[in-house]
Amino acid sequence: MAEEKFLTRREFITALTAIGGSAAVAIALSEIEPLAELIQRELALELPEVRREVAHARGKARHHWAMLIDLRKCIGCQYCVYACQAVNNVPDDMRWNVYIPEVTQTGVPFHMTRPCMHCQDAPCTAVCPTRATWVRDDGIVIMDYSLCIGCRYCQVACPYEARTFNWKAREGDSGYQAEWGAAEVEPRPRGVAEKCTFCVHRIDRGLAQGLVPGEDRPATPACVNICPVEARVFGDLNDPNSRISRLIDELPTFRLREDLGTEPNVYYVPPEGMTL
Amino acid sequence: MTTAIATLRRQVRAYPVFATWLMFLGVMLLVGLVSAAAVLWVGLDVTNLSNRVPWGLWITVDLSAIALGAGAFSLSTIVYIFRVKSFAPIARMAVFVGFVGYTSAMLALVMDIGRPDRFWHPMVYWNVHSVLWEVTMCVIFYSAVLVFELAPAVLESEAVVKRFPRGPQIAHVMHRFTPVVSVVGLGLSLLHQSSLGATYGVLAARPLWFKPTLPVMFIVSAVAAGSTFTLALTVFYENVIGKRQISSKLRGHIAMFAGLMMLAYLYLKLWDFLATFYYSHLPARVEANTLLESTTPYGTTFWWLEIVLGALIPAIILLTPALRRQDLWVLLGGFLAVGGVIANRWNVTLSGLVVPMDWSPGAAQLFSVQPYTPSLAEWGVAIGVLGYALTMFTLGLRFLPLFNHEAHGEH
């Protein structure tokens, strides 16, 4: 039997033409006005600086909510954890706000707590396949539980382990409610992800009532209100006279894993003995 | 009823091996159904997944099934886009293997997501910035392509023709669109086979994952292992029915193609290793690797299961004419390549997840390696998905004209 050619000249030329033709069509398509505009917009929006500038230019970002956690002051009482569990109706085996005992490089113990960082370039929102989570114009990262399909990619992507998943259906209330406050939000259904919201329900309701989040207690996150040593401060970074803006100006601060470029909205004041 | 049972009894006596095989498949499917019911009823709590390790065995099943289905687009591309007619006899089998692979993957995925009732959300609530969204859309569209490409085989099958004589005519018309559909299929496959790797590769917080090589290694390994798998399955089928379906020359060509792809994969793997571990020492990566080496078998399984057994030996078998001519060697090569791709998908998924992310500014060793072993329910669902795939292969090879269809007109 004669050796059949692997690729005849004609086949080769056809293939080349097909590839060239596809490329030409792709280039031509990208020139069409609406498509070109879409591509341009998508490319521009990729850059977080641009995104923030756009938000400012539109005048949307009236507020920019942030939190300051003073690790010099924290005494490790974990009240912030308990208040969060109660107010946000978080099951006992899940944590939105985490406490861990830590030591500095020189071995001095300090108390570390970690809410959601509310990153401006949040990896969890970028990876969500259903737009169930996003960064609001005021900097808060929130979720729409009714859109979440429970793929858990946000958990995998978050550098801070700030997201938890509802592995099982809820049974009863949080064990912290009797002592630490009434639940203010609905429990989440089985099979969706959830995370710290900066008590967004308090902020939105408070603003509607003319309150100032961070100053008026009903409009301030539960963890900030409960702190007995005022280690947590909440407020508007867009207001240069807010307490948090002034503290960030005065004190040395850092944010977690700044090398990743996530631009967190939670600032930490280093504990005694820690060099930045 | 009694006659049906009598017929069944006669059939079982006449084909004892096939009957045993079907019973075996039935048990697998039953195990799968029971486990799936437990997952749907109780929720993902029945798994050993956790907030630290949210992905595990099912993601491995899903990624492996998609990778092994990649023979479909690779071999279809050779036949319909590059118009290498000598590959035509394998095209339909490749598409069938792809169909089974993709549907298996979707089964595993539906079990894996917390809200299976919302599986359609990505199609409606687009997030174009999400790799996973792109993967979802491509997998859905590509599955449609596979259904279209496989439809002629179904329409030409004996059972359909008996009840629907016009079947082959429709199949013929559909077949004329195959080249166009193949181009679409190629585009979709190039996108999602790679972006499944990018799913891991884009996560900057995970030092073992964050690299641009992952998407490329995913697609090349998928093309290599997928084509090898299609070939091995064909050879296996030939042995079962005792009749050759593809010429030894075509077998040589497919083996050559798969073998060269395997070499390309090894080359990428080599440079990935050299660039990320040998010639550079990114602290986070070195630390993660040291942790893995000391606490998990991933280092050993990487070198032995992924590289030596999973790629190097299959490549040697596929590229040595004296070896690939022998059925046993091809089957061994296929088996090893499949094992290699599964080991790779497992290692990529788990190695990145079990290494803790140190977000705390302190110096205490608070974050330990998070062990993960799949639970009984997870194994049950995985066995069920495998049972589904094997059942489909059995039925498809028994009832669909996957090989002897040249009469219906190639181009």
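This is a predicted model: local features need pLDDT of at least 70, side-chain atom pairs count only at pLDDT 80 or more; totals for chains, interfaces and linings use all residues.

Colleague: What is the closest cysteine sulfur to that of Cys77(A)?

Modeller: That sulfur belongs to Cys227(A), 6.1 Å away, again too far for a bond, since a disulfide requires sulfur atoms within 2.5 Å. Cys77(A) is partly exposed, with a relative accessible area of 25%. Over all chains the count of disulfides is zero.

Colleague: How should I read a pair of strands, and how many bridges join S2 to S3 in chain A?

Modeller: In a regular strand, side chains alternate between the two faces of the sheet. Here, strand S2 (residues 98–103) and strand S3 (residues 109–114) of chain A run antiparallel and are joined by six bridges. Glu102(A) stands opposite Phe110(A) of S3(A). Five residues lie between the strands of this hairpin, in which Gly107(A) has a positive phi near 90 degrees.

Colleague: Turning to helices, is H4 of chain B enclosed or open?

Modeller: As a general idea, an α-helix has 3.6 residues a turn, so residues three or four places apart point the same way. In helix H4 (residues 71–81) of chain B, 11 of the 11 residues are buried, so this helix is largely enclosed by the rest of the structure. The buried residues include Phe73(B), Leu75(B) and Tyr80(B). After H4(B) comes Arg83(B), with a positive phi near 55 degrees.

Colleague: How many aromatic pairs are there over all chains, and how is their geometry read?

Modeller: The count is 25 aromatic pairs. The rings of Phe96(B) and Phe393(B) are edge-to-face, because their planes stand at 70 degrees, with centres 6.0 Å apart. This pair links helix H5 to helix H17 (residues 376–399) of chain B, across 297 residues, and both Phe96(B) and Phe393(B) are buried. By contrast, Trp126(B) and Trp133(B) form a tilted pair, with 45 degrees between the planes and 5.1 Å from centre to centre. Trp126(B) is partly exposed at 43%, whereas Trp133(B) is buried at 10%.

Colleague: Which residues form the nonpolar surface patch?

Modeller: Val110(B), Phe119(B), Trp120(B), Met123(B) and Val124(B) form that patch, with about 420 Å² of accessible area together. Trp120(B) lies in the loop between helices H5 and H6 of chain B, and is partly exposed at 35% relative accessibility.

Technical notes:
Residues are numbered from 1 along each chain as its sequence is written. Chains are lettered from A and ligands numbered from 1 in the order in which they are written. Side-chain values use heavy atoms; hydrogens and water are left out. Patches are made of residues with over 30% relative accessible area and no salt bridge: like charges are joined within 9 Å, nonpolar side chains (Val, Leu, Ile, Met, Phe, Trp, Tyr) within 5 Å. Accessible areas come from the Shrake-Rupley method with a 1.4 Å probe; for residues, only the protein chains shown count as cover. A salt bridge is a side-chain nitrogen of Lys or Arg within 4 Å of a carboxyl oxygen of Asp or Glu. Helices (H or I, at least four residues) and strands (E, at least two) are DSSP runs, numbered from the N terminus. Buried means under 20% relative accessible area, exposed over 50%, partly exposed in between (1.4 Å probe, protein chains only). Two strands pair if DSSP finds at least two bridges between them. Rings of Phe, Tyr and Trp (its six-membered ring) pair if their centres lie within 6.5 Å; planes under 30 degrees apart count as stacked, over 60 as edge-to-face and the rest as tilted.
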